[in-house]
Structure formats: C-alpha cells, structure tokens
Amino acid sequence: MDLFDLSLKLKGFPIRKAKLALEEIQKKSDTEFNNYVETKKQDIVAYHLKHNSFYKSFAKNTNILDWNTVPIMTKQDLQQPLETLLSDGFSKKSIYIDKTSGASGQPFIFSKDKFTHALTWSVIMDRFSWFNLNFSSTKQARFYGIPLDKKGYYTEKLKDLISNRYRFNVFDLSDEALENWLRDFKKKPFYYLNGYTSPIVQFAKYLHRKNTILKTVCPTLKACVVTSEMLFEDDKKLMEKQFGVPIINEYGASELDLIAFENIKGEWIANSETLFIEILDENNHVLPYGEEGRLVITSLYNKAQPFIRYDIGDIGVLSKKSTLKNPILEKLTGRTNDIAILPSGKKASGLTFYYITKSIIEEDGSVKEFIIEQLKLDTFKIYYVSDSDMSSNKIETVRNEMKNYLESGLTILFERQTTLKRSKSGKLKQFSSLIQ
C-alpha cells in the first residue's frame, strides 16, 4: 500500500474495499451494468426515504419504482444546517465533511459516508492512471488555493507532503510570481500540473511571452490536468504548445465525485460507476443523447446525505455515442446562473459574451485576464488586467461585436485592474449577472 492509500486508510476511509468495488463494477457486461444502475437508483432512494428525515419530507410523493416521481434537488434545498440533512446513524464524527467553493454563488456544507468518499478517490485514481499519474510516485505541480487560517493551511501542507505535490500560489499572477514558478520547474522534477484552469492558462501565456517551452526546462513533465473552470479550445492549444505535454480536462464537483475525465482519445468520459447522470429540459423531462440541457446527477452510494436527482447548476450535452455504461460528455456550456437576460427579453449564455470578447481583447497579448458582469438589463462591465488602458479602437470593436452577436442598445463599460477578484478557493468566475 502506497503512502497516499495509507493516509486514507488511517483516516478511516476504506480505500482497498472501494478499489475492489470499483473493479467489480467495471467488469460488468452491458446488460449487467444496466441492471446494476437501475438497482442502485432504487436502493439509494429507498434508503433515504427510510433513514433520512429531510428526504422523507422532501420526496414524500416518490414511488421508488417510477424514477419520474423522484423530485429534482437543488443547491438551495441543501443550504441548511448539516445536522438536518444527515441520515440515521450518522454523526459529524463518523462522516467526511467539506464545503463547496462557492464559485456558483450558492455555497453549502455537505457530507459523505466514509465508503463513498473512498470510492470518490478510487475513481479519481483510476482516471489518473490512464495517463500513468500516481499520487504517491509522480510529483504534482499543484495550482489550487489554500486556506489562510493556521489549521487549514497546515492541514493542506500535510496533504501536499503525503501526496507528493508542490503548491503554487494562484492568488498572485504577476510576472514576478510567474517567473518564480518557472524557476521552480527548472529545479524540481515535476511529472504533471494539476489545478484550476485560469492560473495555468496565465502561466502558459507567460511562457509564450518568454518564448519558453516548459518541457524543455522540466524534462520530467508528462501531462497537465485542468479542472473547476471552463477550458476554451484556444487556451488548450496554447497550453499544449507552451507546456509540450497533453492537456487533460477534468470535470468534478466536490459534493458528488469526479464527473468526467478526458481519455487518451480526447473523449470526456463521464463517471457511470458511482453516479447516474441525466440531461433535463426546463420542465424536468429527460432529453435524449445529443441535446443540451441541465445536468442532474444522482450519487448512487452516499448514505450520509442524499444527492438524488441533484441539479448541479451546469448545462451540457451527452454525446449521441453515449451508452449507460460509457456516457461521453460532449460539451459543457456553462452554469444555469450564467444566463444573461437582455432588454428585448432574449436570453444568452454568459459564455456568449466571453467568446465574443476573448479573441478581440487577447489578440495582441496586452490583456492578461478579464471577467464580465451584468450590472443592469442593458449594462455590462468588463474588468480586465493589463499593463495599460485598452485602446479606444479595441473598446469600440468589442462594443460593435456585442451589438452584432446580441442586440443594439447595450452599454459596455470597461475597467482596468491590477488583479481580478477570485473566490476564497482561488477560482475565477468569468461571467456573473447581478440582476438575478
């Protein structure tokens, strides 16, 4: 047993049992797997209807034999004291407890039973093994935030030590800080990068300005795994060029599990072993593969707290090539709370604004990062990081593109900043509406 597995075991998480369970699930034939999913769906609903007082009240009209009668659960439903959400027999001392980052604007504390948490790590380790990445034997360059309180800080530092990882400060993206990052890569035998998309993109842009390929200064480097924030195709190409290694896209939610992980073919394979993933329309009807809708996810194992038909707040598409055992996440287009409502009544994904402005603002490299906020129905503000104010020509170009892609009459404001506001975890929310 390696050091990382041992650390999980010592904390009471049955990692060996979880790994064996995952192997058994993966061995099932298509027919066996279909039966497994249906059984697990019924079992987890029946369990919480019997043992969880919150869920008894929440899903009181549920027929466990009719999945369509199972209600949709949202983040708002879970924003209450954890004690009210726990199932019989579970206490804060016997479970895994964490909190969501709050990047969605709706943070809350959640729990998992210890076997479910061990299963989460089993799935993560399984996916990372596709690229020969091991938490104990391969050194990780880690680009995540870190708690600033003494207990949280040293807890994360201990985890970093056990997990053979070196943490970079994602709150400082100045050229001086990025130069220090580069020095670390010259001195340390990193095997892969792992962390939030936006700071890693900024590092790639810095390397581009320096005309430096990371793998030439750190020959041990093999891969880069990005997570938690949108990965745009042009950013991915830039990272591939400047790092000199494959870029792997991960999608997960701390309250659930790893949701999807890119394989060596470039397919975003969704987690079907421990989760049941549905795509629903506005009326909560299940959409066929290939159609865009809300991602609604069921944790098939968590007995400590129900996450059953949980609307995670994201919008996406499962490929037409998907099967129940091998679902493929074809596209993730943003969050449901990232929708802009325009004066005409038209709705637009927040990513629309980002795509419109991204190539224009970043074309000459002078703008390092930017975010967009909707202040009023007709007013949007772009906050950007740059060494100098944006030119009047570029500002006018952005305004014209907004008019062409969306509608006329919009007011577009610009404000240069030295740094952009990130959540406490270090994530960057690229679009937000203040009117909803």
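**How the descriptions are reached**

Guide: Let us start with Lys236, which has its place in helix H10, residues 233-243. Please keep in mind throughout that this is a predicted model.

Visitor: Why is Lys236 called buried?
Guide: A residue is called buried when its relative accessible area is under 20%. Lys236 has a relative accessible area of 13%, so Lys236 is buried.

Visitor: Which residues is Lys236 in contact with, leaving aside its neighbours within four places in sequence?
Guide: With those neighbours set aside, Lys236 is in contact with Leu231, Ile247 and Glu262.

Visitor: What makes Lys27 and Glu24 a salt bridge?
Guide: The term asks for a side-chain nitrogen of Lys or Arg within 4 Å of a carboxyl oxygen of Asp or Glu. In the pair Lys27 and Glu24 the closest N and O atoms are 3.4 Å apart, and the pair forms a salt bridge. Both residues belong to helix H2 (residues 15-27), where they are three residues apart, about one turn of the helix. An α-helix has 3.6 residues a turn, so residues three or four places apart point the same way.

Visitor: Is Lys27 counted as buried or exposed, and how do you know?
Guide: Exposed means over 50% relative accessible area, and partly exposed covers the range between that and the buried cut-off of 20%. Lys27 has 59% relative accessibility, so Lys27 counts as exposed. Glu24 has 46%, and therefore counts as partly exposed.

Visitor: What do the side chains of Glu179 and Lys210 form where they meet?
Guide: They meet in a salt bridge, at 3.2 Å from N to O. Glu179 lies in helix H7 (residues 175-187), whereas Lys210 lies in the loop between helix H8 (197-209) and helix H9 (214-217), so this pair ties together parts that are 31 residues apart in sequence. Glu179 is buried, because its relative accessible area is 15%, while Lys210, at 38%, counts as partly exposed.

Visitor: Where in the chain are Asp311 and Arg294?
Guide: Asp311 is in strand E12 (residues 310-318) and Arg294 is in strand E11 (residues 292-299), 17 residues apart, and the pair links distant parts of the chain. The link is a salt bridge whose closest N and O atoms are 2.9 Å apart, and Asp311 and Arg294 are both buried.

Visitor: How many salt bridges does the structure hold?
Guide: The structure holds 22 salt bridges. Some of its charged residues are linked in a network of salt bridges, namely Glu156, Lys159, Asp160, Arg165 and Arg167.

Visitor: Which residues of helix H6 are buried?
Guide: The buried residues of H6 are Gly152, Glu156 and Asp160. Seen down the axis of H6, these residues fall within an arc of 75°, so they line one face of the helix. They pack against strand E3 (140-143) and strand E4 (165-167). On the other side of H6, the residues Lys150, Lys151, Tyr154 and Leu161 are exposed.

Visitor: Why can the buried residues of H3 be said to line one face of the helix?
Guide: Seen down the axis of H3, they fall within an arc of 160°, so they line one face. Among them are Phe33, Tyr36, Val37 and Ile44. The buried residues of H3 pack against H2, H4, strand E10 (275-280) and E11, while the face turned away from the buried side carries the exposed residues Thr31 and Lys50.

Visitor: What makes Leu10 exposed?
Guide: The cut-off for exposed is over 50%. Leu10 has a relative accessible area of 68%, so Leu10 is exposed. Leu10 has its place in helix H1 (residues 3-10), and together Leu3, Leu6 and Leu10 make a nonpolar surface patch of about 300 Å².

Visitor: And why is Ser91 called partly exposed?
Guide: Its relative accessible area is 36%, which is why Ser91 is called partly exposed. Ser91 is found in the loop between helix H4 (53-58) and strand E1 (95-99). From Ser91 to Ala304 there are 213 residues in sequence and 8.6 Å in space, C-alpha to C-alpha.

Note on methods:
Residues numbered from 1 in each chain as written. Predicted model: local features only at pLDDT ≥ 70, side-chain atom pairs only at ≥ 80, totals over all residues. Heavy atoms only, no water. Buried < 20%, exposed > 50% of the residue type's maximum accessible area, 1.4 Å probe, protein only. Helix = DSSP H or I, 4+ residues; strand = E, 2+ residues; numbered from the N terminus. Arc of directions from axis to C-beta. Contact = heavy atoms within 4.5 Å. Patch = residues over 30% accessible without salt bridge, like charges linked within 9 Å, V, L, I, M, F, W, Y side chains within 5 Å. Areas by Shrake-Rupley, 256 points an atom, 1.4 Å probe, with all protein chains shown as cover.
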